[in-house]
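Reader: Hi! Could you walk me through this one while I have it open?
Author: Happy to, let's take a look together.

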Amino acid sequence: YAIYVSGAVAEPGVYYLKPDAIVEDALLAAGGAAPGADLEGLNLAGSLSHGLHLRVPFAGEAGSTDSGGGLPLDLNTATAVELETLPGVGPTLAARIVAYRVEHGPFSTVEELMNVQGIGERVVSQVRPLVTVH
């Protein structure tokens, strides 16, 4: 699996892990937690999926397991699980968004979502008020 690890880790980047790898394996692949990392909200035994963005939060900030509905959602940092909360976006489209981001780099505009297979103007118009790009 290709996993993008970012945030409070020693070496953020894309890592290729075995399909049975867990969150802890991805964290270790990225050189471990950086000083100030907050691992409390992460399930270190959680499973991974291809194209996942694992963001390790710094103390005092929300991480990838945050389900507090923090909107707008940043298309460039949102996890697949967070993207699934958007209208018209299920697990398949969320995984495609993350994979597109890993392959092509960060989104410049919300409209760029239409470059992702299976996303058209209808989905973009539904999610536009709920997302941003930074």
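Reader: Thanks! Leaving aside neighbours within four places in sequence, which residues is Ile 97 in contact with?
Author: In this predicted model, Ile 97 contacts Leu 83, Val 89, Phe 107, Leu 113, Val 116 and Ile 119, with those sequence neighbours set aside.

Reader: And which residues touch the most other members of the largest nonpolar core?
Author: Ile 97 is one of them, along with Leu 83, Val 89, Leu 113 and Ile 119; the core has 21 residues. Helices H2 (80-83), H3 (91-104) and H4 (121-127) are the elements that each give two or more residues to this core. H3 supplies the largest share, 5 residues.

Reader: How many residues are in the second, separate core?
Author: That one has 17 residues, including Val 9, Leu 27, Leu 42 and Val 56.

Reader: Switching topic: where is Ala 33?
Author: Ala 33 sits in the loop between helix H1 (23-29) and strand S3 (53-56). Beyond residues up to four places away in sequence, Ala 33 touches Ala 8, Val 9, Ala 10, Leu 27 and Leu 39.

Reader: Why does Ala 33 count as partly exposed?
Author: Because its relative accessibility is 37%, which falls between the 20% limit for buried and the 50% limit for exposed.

Reader: Last one, what's the nonpolar patch on the surface made of?
Author: Val 14, Tyr 16 and Val 102 form that patch, with about 290 Å² of accessible area together. Val 14 lies in strand S2 (residues 13-16) and is partly exposed, at 35% relative accessible area.

Methods
Residues numbered from 1 in each chain as written. Predicted model: local features only at pLDDT ≥ 70, side-chain atom pairs only at ≥ 80, totals over all residues. Heavy atoms only, no water. Patch = residues over 30% accessible without salt bridge, like charges linked within 9 Å, V, L, I, M, F, W, Y side chains within 5 Å. Areas by Shrake-Rupley, 256 points an atom, 1.4 Å probe, with all protein chains shown as cover. Salt bridge = Lys/Arg side-chain N within 4 Å of Asp/Glu carboxyl O. Helix = DSSP H or I, 4+ residues; strand = E, 2+ residues; numbered from the N terminus. Buried < 20%, exposed > 50% of the residue type's maximum accessible area, 1.4 Å probe, protein only. Core = buried A, V, L, I, M, F, W, Y, C linked by side-chain atoms within 4.5 Å. Contact = heavy atoms within 4.5 Å.
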